[in-house]
Amino acid sequence: MEPCQSRSAGNVPCVKRILDTVSDEDRGIKTVYIGVKEPQTFVAANAGQSKLEQAGIVCVQVPGLEEEILQIATAAGSDLGIENTNIKTATGVTLDEQQKKFVGVVLDLFAGRPSLKKLALWDDDGVFEDNITIATGRKQFEPQWYGLQTAFAEIERLHHEVVSAGNPIGMDLKTRYVTKGIKKEQTIESRINIFYDKDTGKITKVQDKWGGELPDSSFKNVSVDQLFDPWWWVHYGEGWAWWMWSFTWDTWWWQAMRNLNSVSVPKMVSVPKNDEEDAKRGNQ
C-alpha cells in the first residue's frame with residue numbers, strides 16, 4: 001500500500017520512516033513498490049508517493065494486486081476500523097478470528113489509535129491495569145486510552161508477538177514513547193494479558209505488566225527552561241515512580257496511588273461523545 005504522509009496522535013508516518021533511512025548516497029531505501037493507493041478511509045488526500053518522488057526515491061506501480069492488498073488491509077475487524085491486522089504470533093500459536101479482533105483492537109489502543117467503535121468491544125465493567133493504574137468500568141478505562149493522544153507526541157511500536165492463544169491471550173510488546181512538550185523518550189517492554197468473555201465477545205480485562213530498563217531520572221543535560229516547566233517535573237516524578245514500583249508494588253499506598261490515577265485521568269482527558277466527534281480527532 002502507498003506509504004502514508006500523516007498519522008494522528010503523533011505516530012510517525014510511513015513516508016518519514018522511509019526518508020529517515022536515506023542518510024547518505026550509499027544507504028537507505030531507494031525504491032518503493034506500490035500495489036495500491038492509500039484509501040481515503042485510511043488517510044484522506046494522501047500524497048505519500050509524490051513526497052517520496054520529490055526526495056528522489058523511485059516509486060514503482062505493481063499492477064494486479066489492488067484487490068488482494070485491500071482485502072488483507074481491511075479483513076480483520078473492518079467493522080471496527082482496526083488498523084493493526086498484521087498480527088505476529090510465536091511458533092505454534094494460532095489465533096481464531098475472535099482473538100485476532102481482540103489483539104488488533106488492543107494493538108491499536110497501545111498505538112494511540114482509540115475510537116468509540118473499538119472500545120465498544122470492551123465490557124462496560126471491563127478493567128485496564130498497569131503499574132500505575134487500575135481503571136475499572138468504561139468511565140475510567142476509556143480516558144486512559146484517549147489520554148495517550150494527549151500525552152505523547154510519538155508512539156512507535158517496535159515489536160509485538162502473541163505468545164499464548166489461551167484466555168488470557170498473552171502478548172509481548174515493546175513501544176517507544178515521546179512525551180509532548182519536553183520530548184522525553186521512553187521505551188517500555190511489556191507483557192500484555194487480554195482477558196475476554198467468549199460468549200459475549202467482549203474484552204473483560206487488559207493487564208499491561210511493565211518490564212525493561214530503568215527510566216533515566218538524572219539531572220544531566222537538563223535545561224533551565226525545563227527546570228521551570230511544571231510538566232518536566234511531572235514526568236521527572238514519573239521516572240522515580242517507575243523505579244520505586246519495583247520495591248513497593250505490593251504496598252497498600254502504591255495500590256491507593258494506582259486507584260487515584262484511574263480517577264484523576266478521566267477528569268483531565270475527555271472522551272468523544274459520538275462517532276462524529278471521534279472522527280474530528282482523527283480516530284476511526
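1. The protein chain contains 10 helices and 8 strands (DSSP runs numbered from the N terminus, with helices being H or I of at least four residues and strands E of at least two). This is a predicted model, in which local features need pLDDT of at least 70 and side-chain atom pairs count only at pLDDT 80 or more, while totals for chains, interfaces and linings use all residues. Residues are numbered from 1 along each chain as its sequence is written, and side-chain values use heavy atoms, leaving out hydrogens and water.

2. Of the 284 residues in the protein chain, 43% count as buried (under 20% relative accessible area, with exposed over 50% and partly exposed in between; 1.4 Å probe, protein chains only). Among contacts (heavy atoms within 4.5 Å) with a separation of 6 or more, 61% join residues 24 or more positions apart.

3. Leaving aside residues up to four places away in sequence, Ile194 touches Phe102, Val103, Val106, Asn167, Pro168, Ile169, Ile203, Lys205 and Val206. Two of these partners, Asn167 and Pro168, are joined by a cis peptide bond with an omega of about 20°. Pro168 lies in the loop between β5 and β6. Most peptide bonds are trans.

4. A search of the whole structure finds 1 cavity of 30 Å³ or more (on a 1 Å grid over the protein atoms alone, a set of points where a 1.4 Å probe fits but cannot get out; lining residues have an atom within 4 Å of a point). The largest cavity holds about 30 Å³ of space, where volume is the space filled by probe spheres set on the points, and points are joined across faces, edges and corners.

5. The lining of the largest cavity consists of Leu107, Phe110, Ala111, Ile155, Arg157, Leu173 and Thr175. At least two lining residues come from each of α4, β5 and β6.

Technical notes:
On a 1 Å grid over the protein atoms alone, a cavity is a set of points where a 1.4 Å probe fits but cannot get out, and a pocket is an open set with protein on both sides within 12 Å along at least five of seven lines; lining residues have an atom within 4 Å of a point.
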